[in-house]
Structures are given as structure tokens and as C-alpha cells.
Amino acid sequence: MKKILCLPVLLLSCFYVFSQSQAPVRKGAFETATINVPTVQCEQCKDRIEKYLTREDGVQKVTVDFKKKTCKVTYLWDRTTIENIKTAIANIGYDAGDVTADPEAYKKLPTCCKKPEDGGGHEKQ
């Protein structure tokens, strides 16, 4: 009887050890993500986001394209997450993907960096 009870425990233990040994090791690996930033209006917005994000832990490279309204971020996956990066962008006043801008930070943005419906943006030439 004891042999019958020990067999399932032994099999489960072996399965657990095997499954854990197959997990990928990615320490120090870089991830690159493109975030939609629909409220970016101009070069000042681009500079503000790039300067702010490069100070975030784990972020290695940031490229904002204000014409395409995207932000490409290269980061260390074991130091930060894409959600943390989106939150950092929102904390300086810009929408980032599914994260909306912090209202207080948005109010502090220069007029040219605000949404056209709020009286911001640049005049069309």
C-alpha cells in the first residue's frame, strides 16, 4: 500500500523539478516595446518623454516619433515592466497606450503640448 501512495508523490516531484528546469533564463535580456502615445504633439513633447524615461530604472533607449505618435522603448525586463513605463509616461502628462495621463501633470504641460480640444497644439502651416 505504501508503494502505491509513494509512486504518485514521486511522479509529481519529478514533474515539478523537470518543469522548473525548463524555464528560460533571461537575466539581463533586453525587451523592446512600442507604445502608442496619442497626445504627443511636438518636438518638446518628444524631448520631455525621452529625457524623463531615460532616468527610469532599467530603461536603456527611448525614441519618440511625434508624427506617428509612438514611443519605442528598449529596457531590461528584469528591472521594469511595460506597465511601469506606461505609468511613467502618464505621470508626466501624456496618454500611453491604455493608461491615461495624470490630470495634474497634464495641466502643467506647455500649451503647445496639450490636446487641440484643450486649446493646445500647433497651428497648421
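## Strand pairing, core and loop contacts in a predicted model

Strand 2 and strand 3 run antiparallel and are joined by 6 bridges.

Strand 3 is largely enclosed by the rest of the structure, because 5 of its 7 residues are buried.

The largest nonpolar core comprises 24 residues, and those with the most contacts inside it are Ile-49, Leu-53, Cys-71, Ile-89 and Tyr-94. At least two residues of this core come from each of strand 1 (30-36), helix 2 (43-53), strand 2 (59-65), strand 3 (70-76) and helix 3. In soluble globular proteins, nonpolar side chains tend to be buried together. Beyond its neighbours within four places in sequence, Cys-71 is in contact with Ala-33, Thr-34, Ile-35, Val-37, Ile-49, Leu-53, Val-62, Thr-63, Val-64 and Ile-89.

Ile-89 is also among the contacts of Asp-95. Asp-95 is located in the loop between helix 3 (82-91) and helix 4 (103-108). A polar atom of the Asp-95 side chain lies 2.8 Å from the backbone nitrogen of Ala-101. When neighbours within four places in sequence are set aside, Asp-95 is in contact with Asn-36, Val-37, Pro-38, Thr-39, Ile-89, Thr-100, Ala-101 and Lys-115.

Lys-115, one of the residues in contact with Asp-95, also has its charged end over the ring of Tyr-106. The charged end of Lys-114 likewise sits over the ring of Tyr-106. The distances to the ring centre are as follows.

| Charged residue | Ring | Distance to ring centre |
|---|---|---|
| Lys-114 | Tyr-106 | 5.9 Å |
| Lys-115 | Tyr-106 | 5.7 Å |

As for pairing between rings, the structure holds 0 aromatic pairs.

Note on methods. Residues are numbered from 1 along each chain as its sequence is written. This is a predicted model: local features need pLDDT of at least 70, side-chain atom pairs count only at pLDDT 80 or more; totals for chains, interfaces and linings use all residues. Side-chain values use heavy atoms; hydrogens and water are left out. Rings of Phe, Tyr and Trp (its six-membered ring) pair if their centres lie within 6.5 Å; planes under 30 degrees apart count as stacked, over 60 as edge-to-face and the rest as tilted. A charge sits over a ring if NZ of Lys or CZ of Arg is within 6 Å of the ring centre and within 35 degrees of the ring normal. Helices (H or I, at least four residues) and strands (E, at least two) are DSSP runs, numbered from the N terminus. A polar contact is a pair of N or O atoms within 3.5 Å; within protein, one must be able to donate a hydrogen and the other to accept it, and residues adjacent in sequence count only if both atoms are side-chain atoms. Contact means heavy atoms within 4.5 Å. A nonpolar core is a set of buried Ala, Val, Leu, Ile, Met, Phe, Trp, Tyr and Cys residues joined through side-chain atoms within 4.5 Å. Buried means under 20% relative accessible area, exposed over 50%, partly exposed in between (1.4 Å probe, protein chains only). Two strands pair if DSSP finds at least two bridges between them.
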